[in-house]
Amino acid sequence: MTASTLSRGSRSFEVFARLTRPSITIELKHEAEGIAHSYTTGDQIQGTVIVTAEHLTSFDEIEIKLEGIQSVTVERGQIPGRSGAYQTFLRLRQPMEESTYPMPRVLEPGLTYKFPFTFVVPQRLLPHACSHDKKNVHLEHAHTLLPPTLGDPLLASDGRSLLDDLAPHMCRITYQVSADVIQKPVVGPPKSLKLVNKKIRIVPAVEEEPPLTVLDTDPVYCTRKEKDVRRGTMRPKLGRLVAAASQPKPVQLNPPNVEPCDSVSTCATIHLRFDPVGNETPPSLGTVWSKLRASTYAAASPWQDYPNTSSVSALGQMGQMVYTESVPLSTMCVESAQWTKHTIDDLIRRDSLQSTSSRESLTGPPPSSSFSGTAFYLASITVPVTLPKNKLFLPTFHSCLISRIYTLELCTSYHTPNMNILTPTVSLKLPIQFTSRPRPRATLTQLPEITQDEVNAEFFCPRSVAPPAATSLPDPAPPAYSGFLAPPQRRALPASSEPPTRQVRCQ
């Protein structure tokens, strides 16, 4: 009988506690229903937290934060189970003035309390966000850049429809604005009466990085490839074909909710060289296929170096994984491409003052391993890179737990006599970087004209070199990371302006 009474009493208390909890709504400025609100570096995230209560509810503080969170879950392969990691890499707090709170601090039924907030999307994280061990000196710079929103289907939007961002469901990077009504008892830790989160999408502006140095033994990329060209499957070879290409210019993505000005993002140039055996002619070219591979790397522990395929252990036993998805780009016929014949004598007769770039354009790729003659053939193919509009592409980034890199695959076919069964091809895998443009800001206002008399008065008048007198206190610090800034100082407002008091509206 006693147990039954206690059980009913505890359930009644839980129901009463739920009824006394306030209601919180987060409204963003210029928010449109059904469209993911997107921001980039330097944008202001403005909005209002609206709090109501059905009963008299005492509280001590309203905490409004902007948080960035990344989470990873990795299957362990042969070992049953999963391993994962969770990191809050960004936390900005909104300073609250005393005048914004009601006096006394009690939420009254029938009244609406509004608390405005403003956050600015930062360009970088503080160093404490990346405090793990590193094997690469440049890794901290990459890990303290703001990563983009990733892996959330409700936010992977172009502003009108949901798009696939080519990320697995085991990886997620989320940004959210949270509002918490806190009660601080006399004894014990603070208590949260109600906590509400609102997700937003952030795609930071990303600048171009230096091109990668690709070695011949690189496990991911291949910028040069040689292949024997034969008359048939079991017949002698005509010569040796060399294909080479350098890393193309980066793909520049537009900031969120900005329409692209053109469809072609960048282009790659394939340099071909044919070293014949004797007086053989080069093969005729056929088709070039281009494909984009988006690779998402994730780990249950922080990366100590830039990830690649060889760094990810087999079957994910070390809590690491890579998820790759391919996107076909274009198919281009290059049968009209012409080969140009060159000889070693042509190179010797060239002027020694010729620029390096022009000499490289003449010689093309370095000779093949079997080149021993005096003549060779060159050809170049320019391949435009056009992104499909049914996918959402993110800028290249590296964070402590998650990375995204891209690879451009170019496959070129050619034709030789008596090769009717299989069409021979030569393929290259090039690193390609995706950057993100900053949002265009308002143009600078035109400066007023200055007369010569004003210039003379400015430069030839006596000046005082005495240090300025401290007459006022510095402005309070803006919203920033928790734990790194002192509590904001209060500043007296001008008499002509009204203090930012709470807005109370009767229901």
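Let's start with Asp152. Setting aside neighbours within four places in sequence, Asp152 is in contact with Asp165, Arg172 and Lys199. Contact here means heavy atoms within 4.5 Å.

A word on the source. This is a predicted model, where local features need pLDDT of at least 70 and side-chain atom pairs count only at pLDDT 80 or more, while totals for chains, interfaces and linings use all residues. Residues are numbered from 1 along each chain as its sequence is written, and side-chain values use heavy atoms, with hydrogens and water left out.

Back to Asp152. Where does Asp152 sit? Asp152 is in the loop between helix H2 (139-143) and strand E9 (171-183). Helices (H or I, at least four residues) and strands (E, at least two) are DSSP runs, numbered from the N terminus.

Is Asp152 buried or exposed? Asp152 counts as buried, because its relative accessibility is 3%. The cut-offs: buried is under 20% relative accessible area, exposed is over 50%, and partly exposed lies in between, with a 1.4 Å probe and protein chains only.

Now its partner Lys199. The side chains of Asp152 and Lys199 are joined by a polar contact of 3.1 Å. A polar contact is a pair of N or O atoms within 3.5 Å; within protein, one must be able to donate a hydrogen and the other to accept it, and residues adjacent in sequence count only if both atoms are side-chain atoms.

Next, Asp165. Asp165 is also in the loop between H2 and E9. Asp165 is buried, with a relative accessible area of 5%. Which backbone atom does the side chain of Asp165 reach? The backbone nitrogen of Gly151, at 2.8 Å. Then look along the chain. Asp165 and Leu392 are 227 residues apart in sequence, yet 4.6 Å apart in space, C-alpha to C-alpha.

Move on to Leu166. Leu166 lies in the loop between H2 and E9. Its phi is positive, about 65 degrees, although Leu166 is not a glycine. Leu166 counts as buried, because its relative accessibility is 0%.

His30 also has a positive phi. The value for His30 is near 60 degrees, in a residue other than glycine. His30 is in the loop between strand E1 (23-28) and strand E2 (38-39). Buried or exposed? His30 counts as exposed, because its relative accessibility is 68%.

Last stop, Pro104. The peptide bond from Met103 to Pro104 is cis, with omega near -5 degrees. Pro104 is in the loop between strand E6 (82-93) and strand E7 (106-107).
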